[in-house]
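Let's walk through this structure together, one part of the fold after another.

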Amino acid sequence: MNKNEVWTGNWVAERLGVELAGDDRLRDLLGLALRRNPKRAHLLVSNVLGKHVPQSPSVVYGYGVALGRRVRELLGDEEAAAAVVLGYAETATGLGHSVADGVGLAPCLHSTRRPVEGVARAGGFEESHSHATSHLLLPEDPALLAGDGPLVLVDDEFSTGNTVLNTIRELHGRYPRGRYVIVALVDMRSAADLGRLTEFAREIGARVDLVTAASGTVRLPEGVLEKGQALVAEQEAAAGGGAAAGVSVPDGAAPRVTRVELDWPRGLPDGGRHGFTPRHRTALESALPAMAARIGDALPADARRVLVLGFEELMYAPLRLAVELERQIGGTGAEVRYSTTTRSPVLAVDDPGYAIRSRIVFPAHDDPADGPGERYAYNVAGAGFDAVVAVVDSAADTPALHAPDGLVARLAAHVPHVLLAVVPSYVPAPPHAPAHAPERPSMLPEPLRGPAFSSYAPDEVGWLLQDLSDVTLEAPTEEREEAIQRGGAHYAESLPVEYQPSERYQALFRSALDVSAARIAQAVGVVTETVLAERARRSSRPVLVSLARAGTPVGVLMRRWARHRHGFDLPHYAVSIVRGRGIDANALRWLAKRYDPADVVFVDGWTGKGAITRELAAAVRDFEASDGITGFDPEIAVLADPGACVRTYGTREDFLIPSACLNSTVSGLVSRTVLRADLVGPDDFHGAKFYRELAGADVSNDFLDAVSARFTEVADEVDAKAKELLSADRTPTWEGWAAVERISEEYGIHDVNLVKPGVGETTRVLLRRVPWKILARTGAGADLDHVRLLAEQRGVPVEEVDGLPYTCVGLIHPQYTRGATGADGKAVAV
């Protein structure tokens, strides 16, 4: 910095006592201003970032590239080629991209505050001191964040470190890796914060390096926040709320605007919002000279001082255009500067010792997700520019941009010539949707949630179902069974009349829950830890999709465990699968539009003989063939796998799971699912009913809370068991299926669909179907108390069997007609 120049932090330092201390380069890089922000009074204004202060584009780009080259030297070429660079919105999107250019071998991505329909969120985090805190990560290719190479995080300043550490913590939980590199123009940590990085690296078990251009600290006097707020209020009152300090803003005259057609390469991303690869970089480099020449040709011949003005997160494309324009016209004596518009509200003071001399205010013009608001362009008014080239993306080329109070008009009030260049907004193709996929309705309804549908809390599960609560679907059990066995109806076309438990049965349920809650909690923990460990190997975090309705309480408990033990907030949805009809294809389409199918984990309560396991595998194959959408893994995670049908389970013991004891009153008051042609069209979700009238008997949340309350006490056992299972051979043996085939023949049934093995399936037979008899393993204890009670109430014999592979097996009446008691469907005299 020239000794004769006034440092642009003097004004703030003198009035608030803020002191900037550091190495010799610090004051060249930074000035000070005041922000309208209740969390932080001061703003470090970078002179080389290209955000608030117009600067030579080659200087701005040069700083980022130089930092990137230092990162490559630190990593070496091999690790650099495996790295991914992540910049922070909005300030460091261009810096992050420039660092990636310096690394040379790495793709880049930047966080965004702009949701994009059809692009699944791969992560997000909070920036605690910012005026707009929520960041989204929306890579077109989810694998961009899933590699094990270094992650390079780029921000304009590294102050407390909170933002970067929050990011690493969030991403490391889902995409763990061994190395992180933090890059910033300036390291402004206080002495108290200096040790946090080392401690944090030790905590997560990864190496964390820091690369910066300069370092120092900001010393803040006591009460600086309150003093700063008072000073901002005083200055704004003195300025009369004008849009630009010291400069009037005339309205009314139509602005003179020249639109420049860039001929941006088709398919080339406009930045790193969805990822930008070295291949994209090569395409941009070859197109830049011609695009910059078009801008140069459109400039007035006498323009000697030109500003290229980017737009919020769109920093990199305008910067590269500005660098090339500077190269092309700099030799003629013209001066090119670069900066961008911003969301950040900063006080403007027309004083040489203050970093923000003027402020142009205009309304947001890109229909932001968080609603309308003011936007700003700093140090443009009164800066002597002959022309300004505003570069926006096509999403922001709206009527609001061209309105009388819009950005274009505001610029035209202060600069003689305004040029507008529009870069097409890059929107990735819908995920997993090949060209040959059949056309489907673009809008499926959002999931049903409690309390409007189900008694579960709205964040516990989203039901991908349609509400058929107003339709009469119930039929007496005997009528349903006769119709089903005669082939005149499918079991999913009607519902059984809801079983109303007696006081004795309710007491049995409570007793069973007391006895088994810890056992269930352990199984929940084991299956959840197994799922998380397997997903961590794939560098992803699961999306739980329970098979309604028996799987849904288990999905809720798995979600609770993940949050309890790891702080993970896993998405959870419930979908319908119907034996003989397959899974709800519309539900799969809804999931594929919002998530990577490979992240989906199907969840069920238990296995019997494995029929649903086979049903799901066949349904996924059919879905891939019909829709061309791949990636769904038909493997089911279950609480209990007595049939040895799956790899992912909490236990293979056949024991009482109290959620099997009841129907809707332990499953969120939701019926089993319904699939009937006159109610469920080809573009509808399968249906179900919400039995609001049974709220007085509902124990759904009692069950969940009783199990969740035991999570802490079983944690050690869970860790040991999960570790043991993960190293064991869990290949399904299908022992259950073989046993069912043998029983079917031994008892003259000759239909495996009428043999329901295991405690859970036997309970379903007694509650929903017409049971013929119950087979119980000799010596089975309290796990069968409720089965014996239900069998007694329905007059069904219980036969003890030696060597039964399950605790019990329920046999549906093989040839049911009303009045029949024999296996041949005829009445038998007793």
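Arg-259 stands opposite Leu-420 in β17. The model you are looking at is predicted, so treat this pairing, like everything below, as part of a predicted model. That facing pair belongs to the contact between β11 and strand β17 (residues 417-423), where 4 bridges join two strands that run parallel.

On the α4 side, Gly-94, His-97, Ser-98 and Asp-101 take part, and they meet Tyr-316, Leu-319 and Arg-320 in α9. Sorted by class, this contact holds 2 nonpolar, 3 polar and 2 charged residues.

Helix α4 (residues 93-103) lies across β4 (84-87), β5, β8 (151-158) and β9 (179-187), and runs at about 135° to β8. The sheet that contains these strands is open, with 6 strands in the order β1-β10-β9-β8-β4-β5 and mixed pairing. At its edges stand β1 (19-22) and β5 (108-110); each has a single partner strand, so one side of each is left without a neighbour in the sheet. Here the twist averages 30° from one strand to the next.

How do β1 and β10 run where they are joined? They run antiparallel, with 4 bridges joining β1 to strand β10 (residues 207-219).

Another helix pair is worth a stop. Helix α5 (residues 162-174) and helix α6 (residues 196-204) pack at an angle of about 5°, with 12 Å between their axes. That angle makes α5 roughly parallel to α6. From α5, the residues Asn-162, Leu-165, Ile-168, Arg-169 and His-172 meet Arg-196, Leu-197, Phe-200, Glu-203 and Ile-204 in α6. By class, the contact of these two helices has 5 nonpolar, 2 polar and 3 charged residues.

Next, turn to the loops and to some backbone details. Most residues other than glycine have a negative phi, and most peptide bonds are trans. Against that background, Asp-367 has a positive phi, near 50°. You will find Asp-367 in the loop between β14 (359-363) and β15 (374-378). The peptide bond from Gly-450 to Pro-451 is cis, with omega near 5°, and Pro-451 has its place in the loop between β17 and β18 (462-463). Ala-548 and Arg-549 are joined by a cis peptide bond too, with omega of about 0°. Arg-549 sits in the loop between β22 and α14 (551-566).

How many cavities of 30 Å³ or more does a search of the whole structure find? The search finds 10. The largest cavity holds about 620 Å³ of space. It is lined by 29 residues, of which Ile-612, Arg-672, Lys-756, Glu-761 and Arg-764 are the closest to its centre. The elements that give two or more residues to this lining are β22 (543-548), β25 (600-606), α16 (611-627), β26 (636-640), β29 (755-757) and α20 (759-768). Helix α20 provides the largest share, with 4 residues. In terms of class, the lining of the largest cavity divides into 12 nonpolar, 6 polar and 11 charged residues.

Key:
Residues numbered from 1 in each chain as written. Predicted model: local features only at pLDDT ≥ 70, side-chain atom pairs only at ≥ 80, totals over all residues. Heavy atoms only, no water. 1 Å grid on protein atoms, 1.4 Å probe; cavity = no way out; pocket = protein on both sides within 12 Å on 5 of 7 lines; lining within 4 Å. Points joined across faces, edges and corners; volume = space filled by probe spheres on them. Nonpolar A, V, L, I, M, F, W, Y, C, P; charged D, E, K, R; others polar. Axes fitted to C-alpha atoms, helices over the stretch in contact; angles between N-to-C directions. Parallel < 35°, antiparallel > 145°, perpendicular 65-115°, else oblique. Contact = heavy atoms within 4.5 Å. Pairing = 2+ DSSP bridges.
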